[in-house]
Structures are given as C-alpha cells and as structure tokens.
Amino acid sequence: MSRGTPLTFELDDDDLKLFLEEAEEQLELLDTALVELEGEPDPELLQRIFRAAHTLKGSSATIGHRKMASLTHAMETVLDAVRQNRLAPDREVVDALLSALDALRVLAEEVVTRVDSGLDPTPLERVLLDLLEDDGAEEEAPPAAAAGPSEAESAAPADATAAAESSDSGTEDAGGQPSVYLRVRIDPQCQLPGIRCFQVLQELDTQGKVVSLTPPREVVEAGGAEFTLEARLVTTANEEQLRTALQSIPDVSVEFGQSASEPAAESPAPAEPEQKPRLALVKNERETKPQQTKAQPARKTQGSQSVRIDVERLDGLMNLVGELVIDRTRLQQIKDALADVLKDAHLTELTENLEETTSHLARITDELQQEIMRSRMLPVRSVLTRLPRVVRDVAAKCGKKVELVTAGEETELDRSVIEELSDPLVHILRNAVDHGIESPEERRAAGKPETGTVTVTAWNQETYIYLSIKDDGRGIDTKKLRKKVVERGLVSPEAAEAASEEQVLRYIFLPGLSTAETVSDVSGRGVGMDIVRTNIERLNGHVTVHSTPGQGSEFIIQLPLTLATTKALMVVANGTVYAIPLVSVTEALAASTADIQRVGGRQMLRLRGKLLPVADLAEALGDRRERTHDGPRFVVAARHGEREVAFLVDRLLGEQDVVVKTLGDLLGTRKGLTGATILGDGTLGLIIDTPSLVSEHAATLAIA
Amino acid sequence: MSTRNDAQEAPQAAKEEHVVVFRLGDEYYALDIQTVQEIVRMQAITAIPGTDDWVEGITNLRGRVVPVIDLRKRCGIPAREHTGETRIVVVTSEQGMVGLIVDAVSEVLRIPGELIEPPSAIVTAPENGYIRGIAKLEQRLVSLMDLEGVLPSEDHEMYSAESEVQAA
C-alpha cells in the first residue's frame with residue numbers, strides 16, 4: 001500500500017462515472033447526516049445513514065476497491081451497533097465516523113486517479129471497532145478478496161421495523177423454518193445490474209439467512225449476476241418489510257412466490273404498480289452503446305424525477321442558443337430592410353407573413369434561452385450541506401457550542417456561481433463561530449443561551465441571490481476596530497475618528513487586519529475578509545456587514561444569479577465596444593456637464609461630494625492606437641470596494657445583458673478585461689474587469 | 001563538398017507530410033493538415049488593447065471567441081494590405097483554437113519524405129525556431145511550419161511593457 005503505486009479496478013469508464021456519482025451522493029449524505037447523529041438520533045436518520053454506508057460498501061466491493069470496502073465495512077458495523085442501541089452515538093463515535101468519511105473521500109479519489117493515495121485505513125478501522133467493546137457482532141477480517149465481504153460475516157440482521165433474530169452460519173439449512181421465496185428483477189436500463197444484485201444479496205443477508213440463491217453466491221459477490229436473481233430466505237421478516245427493504249435499492253423490483261426456480265433468463269421488468277419507474281444514470285451518448293435509447297433515463301431523487309446532464313452538454317446548448325439569438329437579430333434587420341421593397345411591390349401578405357414569423361422566432365428564441373439558463377441552475381442546498389460539518393469542527397476547536405440553522409436551500413442559482421460561493425461562505429462562517437460567538441461561560445454571564453446560533457439564509461431578488469450569515473454573538477467591537485486600523489497604519493487617525501459606525505464596520509474588509517487576540521489557525525491571520533470581498537466582487541457581487549454590539553453580526557453576500565451572463569453598460573472607447581458590468585457602475589454622465597478639475601496634476605471629477613480620479617478608458621487598457629473620436633465624450637464612474645474611478649469614453653450605447661465568453665488560453669489573463677461578448681451584429685465586444693482597473697487607477701486615499 | 005559527406009551528416013529521411021500550403025509575402029509555408037480546422041475569409045476582428053503587434057485580436061467563429069494572429073507580422077515579414085485572397089487559417093493548438101492570417105491559401109499537398117530537408121541544413125536566423133523543415137518542390141521551396149513553435153508560449157509576454165499605465 002504505497003503512495004503512487006498504480007491501481008486497477010474492475011470497471012470501465014462508464015462504470016467509473018456511475019460509481020463516482022453514486023459514491024459522491026452517499027458521501028455527501030453521510031457528511032450531513034453524521035453531524036446530526038450526535039445526541040438523540042432518530043431511527044429514520046440512523047436507517048438512512050446505515051443504508052448509505054451499506055451501499056458504499058457494496059459498490060466499492062464490487063469494483064474491487066478493497067480498502068474502501070473494508071473501511072465502509074467497519075463503519076457499517078459501528079453504525080449497526082448504534083442502530084440497535086448497543087452503542088450510543090456520542091462525540092467520540094461521531095468523530096471516528098467523520099474521520100472515516102474523510103478517509104473514504106480520499107479512497108474514492110483513487111478510483112479516478114488510479115494511483116494509490118498511500119492512505120491506510122487500518123488504523124481508522126481499529127479505532128472504529130474498538131468503539132464496540134464486546135457486543136455480539138463479530139467483526140470479521142476485512143474482505144480479503146475483491147469479491148466482497150466474506151461468507152463468515154455474521155451481520156446483525158435487524159431490519160428497519162422489527163428486530164428479527166437469525167444467525168448466518170453459512171450453511172444451508174431450511175429445515176422446518178419459515179422461508180420466503182423471492183425473485184428480484186433489475187431494471188433492464190440499469191448500467192450495473194451486477195452491483196444491484198450484490199446489494200440485494202447483502203440486504204438479504206441482513207434480513208435473514210439465504211438458503212438458496214440463483215445465480216450462486218460466488219457469482220453474485222463477484223458482481224457477475226445479471227438482471228434476475230432468485231433466492232430462498234429464512235427470515236422472520238414479512239413480505240412487506242422485505243419488499244420495502246429491497247426496493248429502496250435503485251432499479252430493483254421484487255416478486256414473492258412459491259414457484260420452483262426458473263433459469264435466470266433476462267426478461268423485461270414488469271412495472272410494479274406502487275413503484276414509479278426507476279431508471280439508471282444518464283451518461284454521455286456513445287454511438288457504440290446500442291442499449292442507449294432515445295429516451296434519456298432518469299434517476300428518482302427524493303420524490304422528484306430528474307435527469308443528470310453533463311455540464312458540457314448544457315454549455316453546448318447555451319452556445320447554440322446564443323448563435324440563434326444573433327441570427328434572430330440579423331433576420332429582423334433583414335426583414336426591416338426588405339419591408340420597404342416588399343411594400344413597393346405590393347406584397348403585403350408576404351410582408352405580414354415575414355413579420356409574423358420573425359416575431360414568433362424572436363419570442364421562441366428568448367424563451368429557449370431562458371430555459372437553457374434555468375437548466376443550469378442548481379439549488380444552493382449543495383453548498384449549504386457542507387456547513388454543519390464546518391460549524392461542528394470549528395466550534396470544537398474553539399471550545400464553543402454552536403448550532404447552525406439554514407433556510408432557503410431550494411433557492412436556485414447557476415452552477416458557475418455555486419462553485420464560487422462555497423469558499424467565501426465557509427470563511428465567513430468560520431469567522432462567525434470563531435470570533436462572533438462567545439464561549440459558553442461568556443454567554444451564560446451575558447444571559448444568553450450557552451449554545452450560540454448561526455443562521456444562514458438564502459433568497460433571491462431580481463437577478464441576484466442573497467446569502468445572509470447571521471450570528472447571535474458578541475457583535476463587532478467598533479471601538480477596538482477604530483484603534484486597530486490606526487495601529488496597523490491602515491487608516492489615518494483623523495479619518496478613523498471621523499468615520500461613522502457603518503464605515504468602521506467596513507474596516508473589517510481591509511487587508512492585514514485581524515481583531516482576534518490570539519490568531520487561531522481557524523480563521524487565519526487576518527487576510528481572510530479582504531480576500532473574501534475581493535473574490536466576491538470579482539464575481540460582480542457585493543458583501544456587506546451589519547452588527548449590534550452584544551447581540552450579533554450579519555454578513556450579506558450578494559451575487560448575480562449567473563456568471564454566464566451579466567448586465568452591462570455598453571460603451572465605445574476609441575472604436576472598440578466595451579461592456580462594463582452594471583454592478584460596479586455608479587454613474588454615467590456627459591463630460592460636458594461633469595465637474596472635472598485639475599487637482600495636484602491629475603484630472604479629478606467632483607461627484608456627490610467626492611473627488612474621483614479621471615482616466616481615459618482606452619488608455620487605461622493600453623490602447624495605443626490613434627484616437628479617432630471627435631466630439632463630446634462621456635464619463636462612467638465605476639466602483640470597487642471603497643474606491644471609485646471616473647472613466648472617459650466616447651459613446652454610451654445603453655444597458656444590455658451580455659453573454660460572457662472567455663478570451664481563451666492563448667491570450668491568457670488580460671489586464672483590465674474579463675472576457676468578450678458577441679454583439680448584435682456578430683462582432684465582439686470586450687468585457688471590462690472593473691475591480692482591477694479601478695484598483696490601478698484609484699488614488700491611494702484613506703477610506704473616505 | 002562531396003555528396004557522401006552530406007549524406008552522412010543528414011539525419012535519416014523525414015516521413016511524408018500531409019500539409020496545407022499558404023503564402024506569406026512571396027514565400028510559401030505549410031502546416032500539418034491535422035492541425036488545421038478550417039479556412040475562412042477575413043472577417044471582423046476586434047483588437048485587444050495593449051497586445052503585441054502581431055496579435056490582431058479576437059474574432060467570432062460561429063459563437064466561439066477565437067484569437068487571431070497575423071502570421072506575417074509574427075514571422076517578421078513586412079506588412080501588406082489585405083487582399084481578396086487573404087484568409088484566416090483556423091488551427092487547433094495546445095492552447096486552443098487560433099486563427100492565423102495568411103496572404104493566400106494555395107493547396108493541400110502530400111510531400112514525400114525524400115523532398116524534405118531538416119532546417120539545420122539551411123542557415124536560419126534564431127527566431128525561425130518554428131520552421132521544422134524545408135520541402136524542395138519542383139518549382140519552389142515550402143517551409144514547413146511548426147505550429148507550437150510559431151505560437152507564443154506561456155512565458156512569452158503577450159503584452160508589451162508600454163501597456164503598463166502608471167497611476168499618477
């Protein structure tokens with residue numbers, strides 16, 4: 001087990017994808033659920049957790065990932081003990097399980113990299129198994145063969161609703177005991193029937209004793225079973241319980257009966273009346289896979305039908321629609337040009353038809369674009385599920401008691417934004433627990449409940465999504481903050497003195513600041529909030545803070561719903577069309593009416609009581625071509641953080657939703673530009689990176 | 001110089017090349033056909049401020065933003081007006097799709113290996129690191145271009161120093 005050794009698994013690329021997606025789902029579920037486990041767990045939660053571990057064990061065993069199967073086996077054994085009330089899920093137990101979960105993540109990665117990560121789960125397994133003291137369940141040696149758990153494992157066969165007792169001695173013995181015959185069918189659309197059969201067998205093993213099995217156990221455990229499985233089971237569970245247990249495995253349907261076993265021939269699964277159609281995962285269309293039918297299969301998730309689609313496919317669709325939009329505009333222009341000609345030739349009917357069709361096309365295209373955009377949206381839930389774990393870890397490290405409440409998980413936003421949201425959110429949350437919430441003693445002294453609360457709420461408004469992180473802690477000490485920024489030389493004493501409470505709160509975002517007495521390794525050395533704000537603003541968002549001393553603080557992150565498009569102010573500067581993201585624009589006015597003066601050798605604009613440095617946009621971007629514009633110019637004031645700059649441009653074209661396209665690898669990161677966009681006439685406009693331009697041209701004044 | 005010496009110095013014969021031949025100024029060049037996506041007429045190109053001379057800008061190729069390089073300027077050949085024959089050769093490189101402006105595209109050829117001489121046999125200037133061979137055809141010489149060599153690499157500064165505007 002050495003790091004870097006290549007590994008092989010028994011699966012091809014399609015199976016790999018399937019395995020990873022399933023594994024990811026189970027791991028995420030476990031992450032959230034395990035945190036909830038501490039304290040008074042409810043049986044349903046336990047069942048879900050157990051099931052997730054069980055499934056992971058099954059799939060990892062089937063693909064031949066011994067380390068992962070072995071670790072999940074240990075977890076499952078512990079969880080089983082918890083489920084049967086033989087072990088209380090205290091902090092120690094949950095900690096061990098969470099560590100195991102982290103290890104599982106690393107091990108799951110090995111399936112992708114096909115290289116040994118060097119992680120040895122044995123110590124973790126020992127920790128887990130030590131928790132069990134000495135109760136009835138025997139822990140067998142981790143599965144030695146790639147084919148799954150050994151026959152001799154004596155699983156505690158309690159099922160969900162009844163404590164059935166039966167021991168698995170590994171030998172066939174139906175003598176005189178009630179047995180059930182059942183036939184299990186796997187959905188023919190399922191990509192990995194072998195895994196499903198394996199899971200079925202595992203479930204059966206926990207429900208009772210399997211006395212006969214077709215195909216034989218060795219075949220099933222090696223993942224070689226196909227779409228039908230028959231078994232005779234000695235069990236005290238009734239049909240209903242068995243059905244419920246088995247049919248919670250995807251793609252499975254069960255029949256009970258007394259008929260003699262038939263040859264395990266493939267036959268289409270009969271539609272179970274109480275079961276909605278379950279289908280397997282979508283994957284990329286390959287011409288070589290004949291069983292891939294036109295109807296995209298869907299997986300049932302939490303009561304709703306959904307389809308998994310590759311992001312690339314959605315991006316491809318977006319591109320196509322983008323082009324459609326451009327052609328639609330062109331068509332309208334052509335129609336307009338033709339209108340006169342047609343009228344002169346008295347072809348009114350033709351004109352009307354053309355008019356109607358182009359209008360209709362326009363409407364459909366707009367709707368299509370909306371729908372595609374919406375299909376890229378995901379509920380923010382996926383970001384929020386990380387949080388309980390973060391809070392738990394940080395609270396533990398700091399010796400605080402904190403409870404996390406979330407709301408608005410179903411709020412949707414584009415997946416491009418979701419990915420970017422995670423880090424800032426986690427950072428602010430850590431700050432809230434570390435600095436915001438007081439220690440239990442302090443809270444008691446202040447008459448607050450010992451356990452602090454952090455509430456994370458998400459909602460949307462217009463084209464933005466808002467996330468509020470609110471804590472009921474000690475609030476931000478503005479007096480201390482005022483002193484600190486002067487001490488650090490970040491703000492002049494006069495400015496700090498004169499600043500309002502609101503302005504002082506914003507000092508939190510200054511680089512090089514940390515108000516913690518001791519720098520805990522949790523929130524870092526005060527570089528955090530500065531980076532958080534920069535990153536959010538880079539996404540055309542904002543972050544604001546409110547606070548009441550003694551009562552708590554609230555951070556609100558505002559982000560556009562999608563990064564794929566952005567609302568921009570279109571301008572022309574020296575012949576090139578630029579798009580300035582509207583979120584940073586504070587004002588646009590004619591240069592002639594603007595109050596521009598020369599101050600200390602620089603052009604400055606007096607606006608709303610402030611002095612903004614003035615810069616020529618084309619020059620600021622490095623455009624060295626000859627200036628061709630003759631005539632009135634305009635000023636666009638743009639803001640980044642506390643700084644504002646006034647840019648001179650030649651023309652204002654108006655506001656527009658622009659689709660953001662990257663400049664590509666060759667040109668790399670452009671100074672002052674974040675990308676390009678396709679204009680109505682098919683040519684390209686350039687999208688301005690306001691934060692970098694403003695930072696560069698703003699005079700270094702103290703925060704006003 | 002005896003031919004035997006040449007034969008000893010020359011490395012083993014090159015293999016056959018399947019190329020697209022184009023003209024820059026009065027000279028012929030060629031690119032491996034595998035790298036060529038398509039050839040389009042000159043179309044609107046948006047200049048990117050602050051980039052080197054030979055970076056013409058970006059253009060819209062069926063919804064994709066593709067950077068365009070003026071090969072003549074890149075290779076140091078004196079500039080000329082674009083004519084009706086000017087084309088953009090769209091290629092796939094390690095850094096994505098790129099458009100190369102050429103004076104004309106003449107043909108697609110299969111050049112047998114024996115006709116190809118390695119560049120070391122010819123005196124070349126150091127900046128011609130992008131020529132990987134010269135094909136001696138009946139009526140002319142065709143310089144075989146190495147795409148990755150002619151494109152700017154990662155450490156190459158795409159943006160001239162003058163574009164750094166000083167804040168007052």
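## Basis and chain A

A residue counts as buried if 20 or more other C-beta atoms lie within 10 Å of its own, with C-beta atoms placed from the backbone. Of the 704 residues of chain A, 38% are buried by this rule. This is a predicted model, in which local features need pLDDT of at least 70 and side-chain atom pairs count only at pLDDT 80 or more, while totals for chains, interfaces and linings use all residues. Residues are numbered from 1 along each chain as its sequence is written, and chains are lettered from A in the order in which they are written.

Chain A has 20 helices and 24 strands, taken as DSSP runs (H or I, at least four residues, for helices; E, at least two, for strands) and numbered from the N terminus. Two residues are in contact if their C-beta atoms, placed from the backbone, lie within 7 Å. Among contacts in chain A with a separation of 6 or more, 70% join residues 24 or more positions apart.

## Where the chains meet

The contact takes 31 residues from chain A and 24 residues from chain B. On the side of chain A, the elements giving two or more residues include helix 9 (311-344), strand 23 (673-678) and helix 20 (690-697). Helix 19 of chain A gives the largest share, four residues.

## Ile48(B)

Ile48(B) lies in the loop between strand 3 (36-41) and strand 4 (55-61) of chain B. Ile48(B) is buried because 27 other C-beta atoms lie within 10 Å. Not counting residues up to four places away in sequence, Ile48(B) touches Leu667(A), Arg670(A), Leu686(A), Val55(B), Gly57(B) and Ile58(B). The C-alpha atoms of Ile48(B) and Ile58(B) are separated by 7.3 Å, with the two residues 10 apart along the chain.

Conventions: A residue is buried if 20 or more other C-beta atoms lie within 10 Å of its own, exposed if 12 or fewer, and partly exposed in between; C-beta atoms are placed from the backbone.
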